[in-house]
Amino acid sequence: MTAAETAVETIQREMTIFARRARASAGRMHPELSLVSYTLLGHLEESGGCRATDLAAHYALDKSTVSRQVAALERAGLIERRLDPEDHRVQVLHLTEAGQEILAQVTHSRRAAFRERLADWPEEDLVRFAGYLERYNAGTSAGTGED
């Protein structure tokens with residue numbers, strides 16, 4: 001195996017560990033908020049609201065998966081549906097005040113966890129790592145991290 005092949009194997013293994021850790025930590029930060037739910041809430045905040053079909057397309061997820069997540073988030077009072085002012089046949093998902101608060105809390109906790117984990121890294125390593133992650137994610141399918 002070449003050095004590049006070994007590196008790719010290591011990257012794959014370490015990214016899998018990273019994903020597992022992210023899923024596990026999401027549950028610890030807020031029991032009702034899975035990593036997928038957190039991601040969807042974040043997108044709704046960034047976009048100012050969108051349709052469920054837009055979420056499915058953006059994250060390359062099956063519509064039924066998004067539908068289940070949206071239903072759970074609605075039941076938890078974290079999102080609500082509003083009629084699109086331009087097309088009353090369309091419903092747009094928006095964060096509720098409770099959704100905004102929980103998203104802010106979880107985001108704060110996640111940032112603190114990252115800061116703690118990376119506290120002893122030299123600044124140049126952090127900058128390099130951030131650049132590598134941006135470069136890697138720029139080449140992935142719909143920002144999901146999965147190709």
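The legends below describe close-up views of a predicted model.

**View 1. The aromatic pair of tryptophan 121 and phenylalanine 129.** The structure holds one aromatic pair, and its two members are tryptophan 121 and phenylalanine 129, whose rings lie 5.4 Å apart, centre to centre, with 50° between their planes. The arrangement is classed as tilted because an angle under 30 degrees would count as stacked and one over 60 as edge-to-face. Tryptophan 121 has a relative accessibility of 34% and is therefore partly exposed, and phenylalanine 129, with a relative accessible area of 35%, is likewise partly exposed.

View 2. Helices α1 (3-29) and α6 (123-138) each supply at least two residues of the patch, and the largest share, four residues, comes from α6.

**View 3. The largest nonpolar core.** In soluble globular proteins, nonpolar side chains tend to be buried together. The largest nonpolar core of this model has 19 residues, and those with the most contacts inside the core are Leu33, Leu41, Leu44, Leu55 and Ile79. At least two core residues are supplied by each of the helices α2 (35-47), α3 (52-59), α4 (63-75) and α5, and by the strand β2 (91-95). Helix α2 provides the largest share of this core, namely four residues.

**View 4. The contacts of leucine 55.** Leucine 55 is listed among the core residues with the most contacts inside the core, and this view shows its surroundings. When neighbours within four places in sequence are left aside, leucine 55 is in contact with Leu40, His43, Leu44, Cys50, Val66, Val70 and Leu93. One of these partners, Leu44, is itself named among the core residues with the most contacts.

**View 5. Glutamate 101 and leucine 78.** Glutamate 101 lies in helix α5, which spans residues 97-117, and is partly exposed, with a relative accessible area of 43%. Between glutamate 101 and leucine 78 the separation is 23 residues in sequence, whereas in space their C-alpha atoms are 9.0 Å apart.

Methods: Residues numbered from 1 in each chain as written. Predicted model: local features only at pLDDT ≥ 70, side-chain atom pairs only at ≥ 80, totals over all residues. Heavy atoms only, no water. Phe/Tyr/Trp six-rings, centres within 6.5 Å; stacked < 30°, edge-to-face > 60°. Buried < 20%, exposed > 50% of the residue type's maximum accessible area, 1.4 Å probe, protein only. Core = buried A, V, L, I, M, F, W, Y, C linked by side-chain atoms within 4.5 Å. Contact = heavy atoms within 4.5 Å.
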